[in-house]
Amino acid sequence: LGHIKDAVDIVKRNKRQSLDVHDITKIKEDPKVRAQLHSGHCIGCFYIESPAMRGLLHKLRCDNYVHLVAASSIIRPGVAQSGMMREYIERFHHPEKIQYLHPVFEKNLKETYGVMVYQEDVMKIVHHFAGLDLDESDVLRRIMTGKKKSSDTFRRLQEKYFVNCKARGYSDALTQEVWRQIESFSGYSFCKAHSASFAVESFQSLYLKTYYPKEFMVAVINNFGGFYNTELYVHEARMCGAIIHAPCVNRSTYLTTIYGDDVFIGLVHIQNLEQNVASRIVDERITNGPYRSLEDFVQRIDISKEQLEILIRINAFRFTRMNTN
C-alpha cells in the first residue's frame, strides 16, 4: 500500500499541499469521492480496480462505504461462484422481492439482504439455523476457509448440522440449500473486518484519485503493483491530464517523477538499462548539475558502449537536439 503514502508525498512536493488521508470519516462522506466510486473510474485504486470489481460497483451503483465493504466480500470466488453474488445484486436493487430462505436469515442477515457474505455469517447461520454451539460454529467456519475439510472434526460437525436440521423439522431441500451456501465459503472468503479494512484503503485511494489524479497515478506507477501493467497506468495518467515524457538523463530520476503536469518516466523502466548505471546518472546530476552535452555525459559517467546505445536509442539525450538515427 505504499502508493497511498507515496501519493501524499508527491502531492506535497508537486502541489506544496499537506494531506490527511487518515480522516476516514470525512473521506467516506465526501460527495466527490463517492461519485468517483459510483462512476467505476477506479484504475489504480486499491482492491477495486479490476474489471470484475469495477463491473460489480457499476451493477450495485455503489457510492458508500457500507456497500463497498459488502462488495469487497461478494466478489470473492466462494460467494461469487455459488450464485450468491448474483442474488445479492438482485436483492440490492429489489429488496421488496426478497424471499428469505428462513426467518433466521431475515433476523440475522438483514443487512446483506439474507445472503451470507462474510465468514461471520456462516457462524450465525450454523448456530441460529442448525443449532450448533458457537464454538462449534467457529471451528466449522475455520475449517471451511482452510484445507481441513477431510478431517474427522469437519465430518462430525457436518453430520451434526444435518441431524439438527432434521430434528428441527426442516425439509431436505431447505437443509441442502443452506448447506450448499455454507460450503461455498470453502472457496475463499473474507471476514467482515477484513473487508472493512480493505474498503478504508480503497476510499483513501479514491480520495487521492479524485483530487490529485496525476500525482496519484505516478505513485501507483512507482509502486510496481496493482492489477494492470505499468503501460496502462501511464496511459491512465495521460487520461488524467498528465503530459508524459520518455526518460531523459537530465529530467528523469530512477523512479517516475512529476513536475507540474509533466511526468517523466523513470530510468528504471528502460529495458536492459543496468540499475547501477541508472543510479550513477541521477547521483552525478544531483551532485554536479545537468549534463551539458553527450560528450559531457560520457566524461562524467562510467558507462559501456552498449548501455550508452540504449540511452541514445530511446532519445534520452534529446536535450542536445542531436539526431538519434
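Select Arg180 and Glu177 to start: both sit in helix H12 (residues 172–183), three residues apart, about one turn of the helix; helices are DSSP runs of H or I, at least four residues, numbered from the N terminus. This is a predicted model, in which local features need pLDDT of at least 70, side-chain atom pairs count only at pLDDT 80 or more, and totals for chains, interfaces and linings use all residues. Residues are numbered from 1 along each chain as its sequence is written, and side-chain values use heavy atoms, with hydrogens and water left out.

Arg180 and Glu177 form a salt bridge, their closest N and O atoms 2.9 Å apart (a side-chain nitrogen of Lys or Arg within 4 Å of a carboxyl oxygen of Asp or Glu). Arg180 is partly exposed at 36% relative accessibility (buried is under 20% relative accessible area, exposed over 50%, partly exposed in between; 1.4 Å probe, protein chains only).

Next, select Glu284, Arg292, Asp296 and Arg300, which salt bridges with shared partners join into one network.

Move to Lys192 and Glu111, a salt bridge of 3.0 Å, N to O. Lys192 belongs to helix H13 (residues 192–211), while Glu111 is in the loop between helix H8 (103–108) and helix H9 (119–128), 81 residues apart.

Now select Phe129 and Ile182, the residues with the most contacts inside the largest nonpolar core, which has 80 residues (buried Ala, Val, Leu, Ile, Met, Phe, Trp, Tyr and Cys residues joined through side-chain atoms within 4.5 Å). A second, separate core of 18 residues includes Leu267, Leu273, Leu308 and Phe317.

Finish at Cys165, buried with a relative accessible area of 0%.

Technical notes. Helices (H or I, at least four residues) and strands (E, at least two) are DSSP runs, numbered from the N terminus.
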